[in-house]
Amino acid sequence: MKRIPIALIYSRLLIGFIIILLSFFHVNHYSFFAITLLSVGLLTDVFDGIIARKLDISSEKLRRLDSSIDQVFFISVAVATYIQCPDFFKGNLVKLIFLGAFEVSTYALSYIKFRKEIATHSIGAKIWTLTIFATLVEIIVHCESVMLFELCLWVGLATRLEILAIVFTLKKWTNDVPTIYHAVKLRQGKEIKRNRLFNG
C-alpha cells in the first residue's frame, strides 16, 4: 500500500512518454487518446498526495519528487501538443517564453536561496494546473485556444509571482505552503493550518 503514491507519481513519466509517442507517430484518434491519458495523469497527481497523507507517508522527499515529475509530465504533453499543432506555439511564442521565464525564475530563486527545488504546492499553483489542463485539451482538439490560453497565461504569471514572494519570505525551505499569507506566518515562527486532504 505504501508504494502506491510513488507508483502514481512515476506513472506520470510513463504517461507523458506515451503521449509523445502517440503524437510523433500521428496515430488515429490521437485527440481521444491524448486527452484520456492527460486526464489520467491529472488524477494521479491529485490522488498521490491524498493517498500518501492517508497512509501517513507524505515526506519532503516525496513532495519534491512530485513537483519535479509534474514539471516533466506537463512539458511532455506540451511537446506532444507542439508536434500536432506547431502553428499555435509559433503564434504565441513570445507569451510562452515570457511565462516560461517566470516559471524558471521560481526554481532558480529556490535553488539560489535553499539549494532545493520548489515544492510549495500552493493553492494558486493547483488552480493554474487546472487551467493548463483545460487549455491543453482545447489545443489538442482544435489546435487553437484564445480565451482559455489568455486565462492560463495570466493565472500562471500571478501564481508564479506569488511563489516568488513565498520563496523570498520563507526563512528556510518548506514544502506545502498554501499562500503567501501562510509564508508570512511561517516567517514569524507561527504554525499554519494546512488542509489535510489537499495540502500537507
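Student: How many helices and strands does the protein chain have?
Tutor: The protein chain has eight helices and zero strands. Helices (H or I, at least four residues) and strands (E, at least two) are DSSP runs, numbered from the N terminus. This is a predicted model, where local features need pLDDT of at least 70, side-chain atom pairs count only at pLDDT 80 or more, and totals for chains, interfaces and linings use all residues. Residues are numbered from 1 along each chain as its sequence is written, and side-chain values use heavy atoms, with hydrogens and water left out.

Student: OK, what about helix H2, what span should it have?
Tutor: Helix H2 covers residues 30–54, and at 1.5 Å a residue its 25 residues should span 36 Å. The rule is 1.5 Å times one less than the number of residues. The end C-alpha atoms of H2 are 36 Å apart, which agrees.

Student: And what comes just after H2?
Tutor: Asp56 does, with a positive phi of about 60°.

Student: New topic: how many salt bridges are there?
Tutor: A search of the whole structure finds 11 salt bridges. A salt bridge here is a side-chain nitrogen of Lys or Arg within 4 Å of a carboxyl oxygen of Asp or Glu.

Student: Which residue forms one with Asp48?
Tutor: Arg12, with the closest N and O atoms 3.0 Å apart. That pair links distant parts of the chain, since Asp48 is in helix H2 and Arg12 in helix H1, 36 residues apart.

Student: Are those two buried or exposed?
Tutor: Asp48 is buried, and so is Arg12. Buried means under 20% relative accessible area, exposed over 50%, and partly exposed in between (1.4 Å probe, protein chains only). Both also belong to a network of salt bridges, whose members include Asp45 and Arg63.

Student: What does Glu60 pair with?
Tutor: Glu60 forms a salt bridge with Lys116, the closest N and O atoms being 2.6 Å apart. Glu60 lies in helix H3 and Lys116 in the loop between helix H5 and helix H6, so the pair ties together parts that are 56 residues apart in sequence. Glu60 counts as partly exposed, at 32% relative accessibility.

Student: Where does Thr169 lie?
Tutor: In helix H7, residues 147–169. Thr169 counts as buried, at 16% relative accessibility.
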